[in-house]
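Reader: I have a structure open and a few things to ask about it. Can we go through it piece by piece?

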Amino acid sequence: EVEATIYILNAPDDLRQRVAIEHRWQDLAELPSYVDLVADQELAADIRAFRDGDLLALYRVQQNPRFLRQALVAEFNAARPGSALAFQADLLETDHLARLVADVAEHFGRLDALVNNASSFFATPIGGIGEREWNDLLGTNLKAPLFLAQAAAPHLAVARGAIVNITDIHAERPLKNYALYCAAKAGLAGLTRALALELAPHVRV
């Protein structure tokens, strides 16, 4: 079962407010048409009248992010055909990262930017920290950004591109019971400064 909020892109504010309501679906294979899910016939009629040539988008998907990826790709490609494609990789599997970068660069013919935004975030009180927590938090917040940057650097240098690492205020102001997360983000902040020195002037970090 999937919970989601749906709204129509570029809709007038009054229609946007009316369609920003909750719905539940059962394992849909593809992004559905919104009007088929609206019980309010008057609202459905208004949506049908507005929707011609417009894109329906799905946001705040819980439990199945595949729907969100599909909707975002569709949104971007509607605005600029052929500009978006979803790629997937396990950030905790280092050998997947170089392949991910290579696949993106091959598909688009270039790489202009890398944004390291993916992040695990959960509490790790001292006394309950194990290898699993270490590998997860340090893997997504520090190890993956390093290996993605390493794989992307040659492509970015050609394009005079950039790397953006998303850190956190808690890298400098630790959060109680989140020692591993704070350490990982502090490491990422240090990695960012080191990469800026090493990859300049061809890549901005």
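This is a predicted model: local features need pLDDT of at least 70, side-chain atom pairs count only at pLDDT 80 or more; totals for chains, interfaces and linings use all residues.

Reader: Fine. At what angle do α5 and α6 pack, and how far apart are their axes?

Author: Helix α5 covers residues 131–159 and helix α6 covers residues 179–199. They pack at an angle of about 10 degrees, and their axes are 9 Å apart. Angles under 35 degrees count as roughly parallel, and α5 and α6 are therefore roughly parallel to each other.

Reader: Is the crossing of α5 and α6 left-handed or right-handed?

Author: The crossing of α5 and α6 is right-handed.

Reader: Which residues make the contact?

Author: From α5, the contact uses E133, W134, L137, L138, N141, L142, P145, L146, A149 and A153. From α6, it uses L180, Y181, A184, K185, G187, L188, L191, L195 and L199.

Reader: How do those divide into nonpolar, polar and charged?

Author: In the contact of α5 with α6 there are 15 nonpolar residues, two polar and two charged.

Reader: What about α4 and α5, what angle there?

Author: α4 and α5 pack at about 35 degrees, with their axes 9 Å apart. The crossing of α4 and α5 is right-handed. On the α4 side, T94, L97, A98, L100, V101 and A105 make the contact. On the α5 side, K143, A144, F147, L148, A151, A152 and H155 do. By class, this contact of α4 with α5 has ten nonpolar, two polar and one charged residues.

Reader: Changing topic. How much space lies in the largest pocket?

Author: About 1100 Å³ lies in the largest pocket. It is lined by 32 residues, and the closest to its centre are F87, L100, V104, L114 and V115.

Reader: Which elements give two or more residues to the lining?

Author: Those are α3 (66–79), α4 (94–108), β4 (113–116) and α5.

Reader: Last topic, the backbone. Which residues does a cis peptide bond join?

Author: A cis peptide bond joins A200 and P201, with omega about 0 degrees. P201 is in the segment after α6.

Reader: Which residues have a positive phi without being glycine?

Author: R160 is one of them, with a phi of about 55 degrees. R160 is in the loop between α5 and β5 (162–165). N177 is another, with phi near 75 degrees, and N177 is in the loop between β5 and α6.

Key
Residues are numbered from 1 along each chain as its sequence is written. Side-chain values use heavy atoms; hydrogens and water are left out. Axes are lines fitted to C-alpha atoms, for helices over the stretch in contact, and angles run from 0 to 180 degrees between N-to-C directions. Helices (H or I, at least four residues) and strands (E, at least two) are DSSP runs, numbered from the N terminus. Angles under 35 degrees count as roughly parallel, over 145 as roughly antiparallel, 65 to 115 as roughly perpendicular and the rest as oblique. A crossing is left-handed if the near helix is turned anticlockwise from the far one by less than a right angle, and right-handed if clockwise. Contact means heavy atoms within 4.5 Å. Ala, Val, Leu, Ile, Met, Phe, Trp, Tyr, Cys and Pro count as nonpolar, Asp, Glu, Lys and Arg as charged, and the others, Gly among them, as polar. On a 1 Å grid over the protein atoms alone, a cavity is a set of points where a 1.4 Å probe fits but cannot get out, and a pocket is an open set with protein on both sides within 12 Å along at least five of seven lines; lining residues have an atom within 4 Å of a point. Grid points are joined across faces, edges and corners, and a volume is the space filled by probe spheres set on the points.
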